[in-house]
Amino acid sequence: MNLKPLHDRVLVKRLEEEEVTKGGIIIPDTAKEKPIKGEVVAAGPGKTGDDGKNIPMTVKTGDKVLFNKYAGTEVKIDDVEHLVMREDDILAIIE
Amino acid sequence: MNLKPLHDRVLVKRLEEEEVTKGGIIIPDTAKEKPIKGEVVAAGPGKTGDDGKNIPMTVKTGDKVLFNKYAGTEVKIDDVEHLVMREDDILAIIE
Amino acid sequence: MNLKPLHDRVLVKRLEEEEVTKGGIIIPDTAKEKPIKGEVVAAGPGKTGDDGKNIPMTVKTGDKVLFNKYAGTEVKIDDVEHLVMREDDILAIIE
Amino acid sequence: MNLKPLHDRVLVKRLEEEEVTKGGIIIPDTAKEKPIKGEVVAAGPGKTGDDGKNIPMTVKTGDKVLFNKYAGTEVKIDDVEHLVMREDDILAIIE
Amino acid sequence: MNLKPLHDRVLVKRLEEEEVTKGGIIIPDTAKEKPIKGEVVAAGPGKTGDDGKNIPMTVKTGDKVLFNKYAGTEVKIDDVEHLVMREDDILAIIE
Amino acid sequence: MNLKPLHDRVLVKRLEEEEVTKGGIIIPDTAKEKPIKGEVVAAGPGKTGDDGKNIPMTVKTGDKVLFNKYAGTEVKIDDVEHLVMREDDILAIIE
Amino acid sequence: MNLKPLHDRVLVKRLEEEEVTKGGIIIPDTAKEKPIKGEVVAAGPGKTGDDGKNIPMTVKTGDKVLFNKYAGTEVKIDDVEHLVMREDDILAIIE
């Protein structure tokens, strides 16, 4: 079963905290909103501009991304936690 | 009797919870807003851009979709619960 | 006496509850905002886009429509309750 | 003495309640915002779009109009109550 | 010493209440926001649209104008009360 | 050391109250927001419109300007108080 | 490991307070929001306009910048504090 995100939405699989710190990024424990690491599982086709033209996506399936903690809507697929969010909620691609 | 949604609105038939979990998606029981599964029964022609051109819809009749719990306006048609919502309230198409 | 709605506004005659349920639509008695059935009596010429071009209306006189309960401004014409609302407050055309 | 409204503003002379009911429109006494009848005394040249082009007005001097009760700014001219409001606050032209 | 207003701003000299009522306009003493009479002393070049083009001003130096009481920022020039406001805060030109 | 403001921002050196009143402008002591006099020390290149084109600035280095009291972010450069603000927070150029 | 900021976002390494004051900029201790000095470590490709065209970035890797204290989301990379923020949160480039 597949989820095909609409417009500029992406489906992201949340990565474990351990995996996050292994990569060298340590989330500071302050009151600030903490970014979370995930992997893009599916990306929408992009928004449609007011002139009817498609605005392509920047992220693609397989990208490791950093996103805001409170971004998106939670969905469990085959018992694994995923999030559907807008591309604009993604802060950066991790290379 | 038919409902023809206006602009970028869609008419969605809510699918039962049981049917939802059968498909492999388990809605997590957290405080987060939970997406709901439905089936598109009718889709509007799409928004009209500021230049008067039509912006076509992405979803079409028959699509199984995931949408936010609080999206749309409830309507009962022949005793079955439906919702009229904007396409942008739909998170993803389920394939 | 006639009312000619401005821009993207429409004049809608409210239809009776009884008539509503006859058509097969039963408004659910939940806390959600309930749509109301009406008939378009007059429609404006449509909005003018930022480039000065007219954006035509979708609904036309005689259309049976479903709209949000709190949409529009009430006017009584010859003792019959009407509403002036923007086309975007109309959810769907009933066929 | 004349007032020349700016942009998309219109100068409207408020018509008396009696005159309103004579025309067949009876303002319902509910909690909803009630529209008021008036006569356009002067209309601005219309808004200027972002591309510098003029967007012409729909109403013109002499039009009888229906507008929201709380629309506009009150001005008395030679002891007669007038209102300066944006064209978009006008609901419909009465013919 | 001169003030050259920026963009779509205008410099307006407030006219005295007496002068206002002489002209035939009597400000009603209701709770509604009351418009004030003034004279345009200097007008900016107009806004720059998103496409880089200038959108010219409607008012010019010497125009008598009516504006909302709470519009603009007060400045005293040589002991005379002036206001710097956006052209859109001006309701009408008095002829 | 230089600060090069970004986009449509300007760096303004606050001028002393005494200098302000010498120029003939007396800030009234009412509850209204009072404009402050300053000198433009550096101006950004201007905003980039949605079509990628530059929208040039109106103010330039050396201009004496009037701006709202609460505009901008304070920075001290070599012990002199400066402000970084958007050009739109500037009310007028003083000539 | 690298972070590639999305759209118009930049990755900024916070510079120490001491380094800030050495450069001649002294942050005033008022209640106003204080700007912070940092160094751009990575910059996104720029926003995509509604017409699908790229709007290039002004800042580039290596730029010393001044930004608002509460801008961005904190990320620690190899134990050094970084921030991911939109270019528009950057006030000025320090030369």
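Over all chains, the structure holds 40 salt bridges, a salt bridge being a side-chain nitrogen of Lys or Arg within 4 Å of a carboxyl oxygen of Asp or Glu. Side chains of opposite charge can pair when their charged atoms come close. This is a predicted model, in which local features need pLDDT of at least 70 and side-chain atom pairs count only at pLDDT 80 or more, while totals for chains, interfaces and linings use all residues. Residues are numbered from 1 along each chain as its sequence is written, chains are lettered from A and ligands numbered from 1 in the order in which they are written, and side-chain values use heavy atoms, with hydrogens and water left out.

**Salt bridges between chains**

- G:Arg86 forms a salt bridge with A:Asp88, and the closest N and O atoms are 2.8 Å apart. This pair crosses between chains, from strand β9 (residues 80-86) of chain G to the loop between β9 (80-86) and β10 (90-94) of chain A; strands (E, at least two residues) and helices (H or I, at least four residues) are DSSP runs, numbered from the N terminus.
- G:Arg86 counts as partly exposed at 26% relative accessibility, and A:Asp88 is partly exposed with a relative accessible area of 34%. Here buried means under 20% relative accessible area, exposed means over 50%, and partly exposed is in between (1.4 Å probe, protein chains only).
- B:Arg86 forms a salt bridge with C:Asp88, with 2.8 Å between the closest N and O atoms. B:Arg86 lies in strand β9 (residues 80-86) of chain B and C:Asp88 in the loop between β9 (80-86) and β10 (90-94) of chain C, so the pair joins two chains.
- B:Arg86 is partly exposed at 27% relative accessibility, and C:Asp88 is partly exposed at 33%.
- D:Asp88 forms a salt bridge with C:Arg86, the closest N and O atoms again being 2.8 Å apart. D:Asp88 lies in the loop between β9 (80-86) and β10 (90-94) of chain D, whereas C:Arg86 lies in strand β9 of chain C, so two chains are joined by this pair.
- A network of salt bridges links A:Asp8, A:Arg86 and B:Asp88.

**Strand β10 of chain A**

- β10(A) is mostly covered, as five of its five residues are buried.
- Strand β7 (residues 64-68) of chain A runs antiparallel to β10(A), to which four bridges join it, and A:Leu66 has A:Ala92 as its bridge partner in β10(A). Two strands pair if DSSP finds at least two bridges between them.
- β10(A) also pairs with strand β1 (residues 3-5) of chain G, in the antiparallel sense and over three bridges, and A:Ile94 stands opposite G:Leu3 in β1(G).

- D:Asp63 is found in the loop between β6 (54-55) and β7 (64-68) of chain D, and D:Asp63 counts as buried at 10% relative accessibility.
- Leaving aside neighbours within four places in sequence, D:Asp63 is in contact (heavy atoms within 4.5 Å) with D:Gly38, D:Glu39, D:Val40, D:Thr58 and D:Ile93. D:Gly38 is 25 residues from D:Asp63 along the chain, and their C-alpha atoms are separated by 8.4 Å.

**How chains A and B are related**

- Chain A can be laid on chain B with an RMSD of 0.0 Å by a turn of 51 degrees and a shift of 0.0 Å along the axis. The copies use different surfaces, since 7% of the contact residues of chain A recur in chain B.

Definitions and conventions
Copies are superposed by least squares on the C-alpha atoms of residues with pLDDT of at least 70 in both.
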